[in-house]
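Welcome! Please take a moment to look over the structure below, and then we will walk through a few of its features together.

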Amino acid sequence: MKKNFSNDLKILADEIKRRPILTKYLTAAAKSGYICICGNGSGEDGTGAVISEDGTRLLCGKCQKGYSNIDIIANYLGVGTTGKDFIEVIKFGCQEFGLPFANDSPVKNSPEIFERLAEAQNNLPSFVKNQGGKWRGLSLETLQHINAGFLNDVFFPDAKKNLPAVVIPNDSGGVYFRAIEGKFHKNNKPMATTTIFLPPADSFDLFITEGQINAASIFQAVPNPKFGIMACSGTSGEKIILEKLQQLKNNGKNFRVILAFDKDSNGAGQIAAEKIVDSLTAAGYTVCSIDITGVSDMDLNDILNKGDENLLRKLMQNALDLAADEFAKTADKSNKNLFGERADDYFTNQFQIDVSENQKFKDRKTGFSNLDDEINYFLPGVYIIGGLPALGKTTFALQLLDQIARKGETCIFVSYEMVKCFLYSKLLAREVARIETDNFNKPISGKNIYRLTSTQISLGKIHDFHRLTYNKALNNFRNDKKPLYIWEENKINIDSLLERIRKICLTLESPPTVCIDYLQLLTAGSDNPKNSIDDALHKIFNFRRETNCTFILISSLNRQNYNTEISFESFKESGSIEYSADAIWGLQLLLDKRTPADVEKAKKEIPRKIQLKCLKNRFGANFDIGFFYYPNCDTFIPMLEYGILNSAEENNENENGAY
C-alpha cells in the first residue's frame, strides 16, 4: 500500500484534525449551531455549539471544550480515542478524507476485515461446496443474498486464532464475524442493523431477530416473504434499531415490528426484548414480541441447521398469526384510549363488576327513616348540605355519620371550624337524651331539670340528675369502638387531606364516608374563592370516582337568601356546587310565611321544625321531608317517626346554640 504519510498514526491523526469539521456526524442543527458531543443544544434552552473560524474545531458554549474530527468520529462510532479504538477512528477518518491508511500493527479481528470482504465473498462458493452445499443450514444462494463471505488464514494471516470464519456485512459498513469452529463471534464496529430482506410493498410487517444468521434462516425457510427481515447486533441495540427504522420511515415505509429474540434460559433475550419493545412503543411504532421456537436456548438457526426447514416455515406462519392477534389487541387498546370502552365490551367485561361493587351499598342506610324512605339507597357520591346559621347543619351531618358508624362503616368528620372536644360532646348530649327519654319536648320526670347540653358536657358541668345517664352514655362510646373519627384540621390544603384519605382507603375493605365542615373554609386566604371552590370540588369529585368514597360537604348560604325559600341560588358559588354534586340537600325552617320576624321566632322554638329540601338527586327524584331539631340535645328526629309534635312550653335554655 502506497503511503503519502509516515506510518506513524499520529501524523495521520494530525492531518485528519486539520481537515474541515465533519458536521454530518453531529446530531443535528441546534438553536445556536450544532448539538455538541456533550449533548448541549438538544434541549429547548441549549446554547448549542459552533464551528471555529478556521473550520477545524467544534466549540461548545456550555462545556467550554473544543472538539476535533477525531472526537467527532469517535463519538459517532461509539468508541474511545485510545488503543484499538484509536486505530478504528483513524481508519474511518482516512476513508472520509480519501487518505491512505497506514498502520504497522494490525489488530486481530478489527477493521482489516473490511478490506478483506471482497476476497471473502469471492471465496465463499468454494467454502460452501466443501461444507456439503450448506453452512449452518444456509444455502449458497442465501449466503450470497446477505453478502456473506469466507475468510481463512490465507486471506487474513494475522487472525489465525479465530479463522476460518464467515463474515456478514451490516447496513453501515461493519461486519459480523462468526468462527467456523468454536463459538467465537463478534460484531465489528460500526455497529448497525443488517437488512436481510424488504418486500416491494410500502406497508408490511418487519421481523427483527437477534443476529444475522437467525434472520437469514427465516429468509431461507420462507420463499418470497411478504414481510421484512432485519437483524440487530446482539441484545443491546435499541438505539441502532430506532435509527434504522427512522430511516425506513423517512423513505415512506409503513410497517409494524415483530421482535423475534431468542428465549434464553438466563432470561437475557426476554429482558432485552421487553426493553426494545418499550423503546419502540415510546417512539410511536406498533410493536410486539413473539417467541417463535417456544424452546429455551434454541434459536431459529438451530432448527434450520437440523434440517427442519419445513418446521421453521410452519413456526413462522404461527408467529405471523400470533403477531396479528397481538396487533389486533394493540389496535383495540388504542381505540379504547381514543373512543373509550365500547358498549359490548363494557357489558362483557366490566358491567357485572360494577354491579357487584354497587351491591355492597344496597343495605346501607343513613339512620334517618324518612330520608332512607326517599333515597332508597345511600350510594357513594358527593352530597352537599346547606342551610342558614342555627339550623343544625353540623349537628345533622355528625348525627348521620354517627348512625352510619354504628353499622360498622368507617366515618370521618373533618372540622375546619369547631374543636373536636365540642363535636364529641354533641354525640354525648344526644346519647344522654336518648337514654333518659324518647320525649324531647318535656322536662325530665316533670322536674325543672333541663337537657344536658353539649356545652355543659364540654365544660364538665354535669348535674347530679344526669350523672348516671351521662356515665352510661360515656361507657357506651368507650365500649362500642365504632369506627367514627373526628379530625380537627387547621391547615387548609385539599390535596394533603385527600392524600391522607387515599392512604386510609388502602387499609379498608370498603371506602369511608367523609364529611367536610365546611366547604367555603377550603378557600381561606384565596384571592378568588369561586375558583378555589371549583378546584376543590373538581378534586373531590375525581377522588370520589377513583375510590368510591362518600363525601358530605357542608355549605353556607348567601346572606341575601336568608329569608327566602332555599334554592340553587342560595348556595355560595352556586354554579360549581350545582354541577359538581350528586345530591344537594337544603335545610330550612318549615314555615307558612318567611318574613324576618317569622324566621327569628321559629329559630327560638324547641324543637325547631326543619324541612330538608332535596334540590338535586342524581340517584332519583327530588323530595321534601321534615325533622324536629332539638338543639338542646343535638338531635334530629324524623317527623314521620313520632307524628307532628307540639313545641314544648318549657323555656329551655339552649346553652350550646346551633351549628
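## How confident is the model?

What you see is a predicted model. Its chain has a mean pLDDT of 84, with 86% of the residues at 70 or more.

## Aromatic pairs

The model holds 22 aromatic pairs. In one of them, the ring centres of Tyr 25 and Phe 92 are 5.7 Å apart with planes at 70°, so this pair is edge-to-face. Tyr 25 sits in the loop between helix H1 and strand E1, while Phe 92 belongs to helix H3, so the pair ties together parts 67 residues apart in sequence. Tyr 25 is buried, at 14% relative accessibility, and Phe 92 is buried with a relative accessible area of 14%.

There is also an aromatic cluster made of Phe 368, Phe 396, Phe 627, Tyr 629 and Phe 636.

## A covered helix

Now find helix H7, at residues 212–221: 10 of its 10 residues are buried. Among them are Ile 213, Phe 219 and Gln 220.

## Spaces inside

How many cavities of 30 Å³ or more does a search of the whole structure find? There are 3. The largest cavity holds about 80 Å³ of space. Its lining has 14 residues, and Ala 260, Phe 261, Asp 262, Thr 293 and Leu 300 are the closest to its centre. By type, the lining of the largest cavity has 6 nonpolar, 3 polar and 5 charged residues.

Terms used:
Residues numbered from 1 in each chain as written. Predicted model: local features only at pLDDT ≥ 70, side-chain atom pairs only at ≥ 80, totals over all residues. Heavy atoms only, no water. 1 Å grid on protein atoms, 1.4 Å probe; cavity = no way out; pocket = protein on both sides within 12 Å on 5 of 7 lines; lining within 4 Å. Points joined across faces, edges and corners; volume = space filled by probe spheres on them. Nonpolar A, V, L, I, M, F, W, Y, C, P; charged D, E, K, R; others polar. pLDDT = per-residue confidence, 0-100. Buried < 20%, exposed > 50% of the residue type's maximum accessible area, 1.4 Å probe, protein only. Helix = DSSP H or I, 4+ residues; strand = E, 2+ residues; numbered from the N terminus. Phe/Tyr/Trp six-rings, centres within 6.5 Å; stacked < 30°, edge-to-face > 60°.
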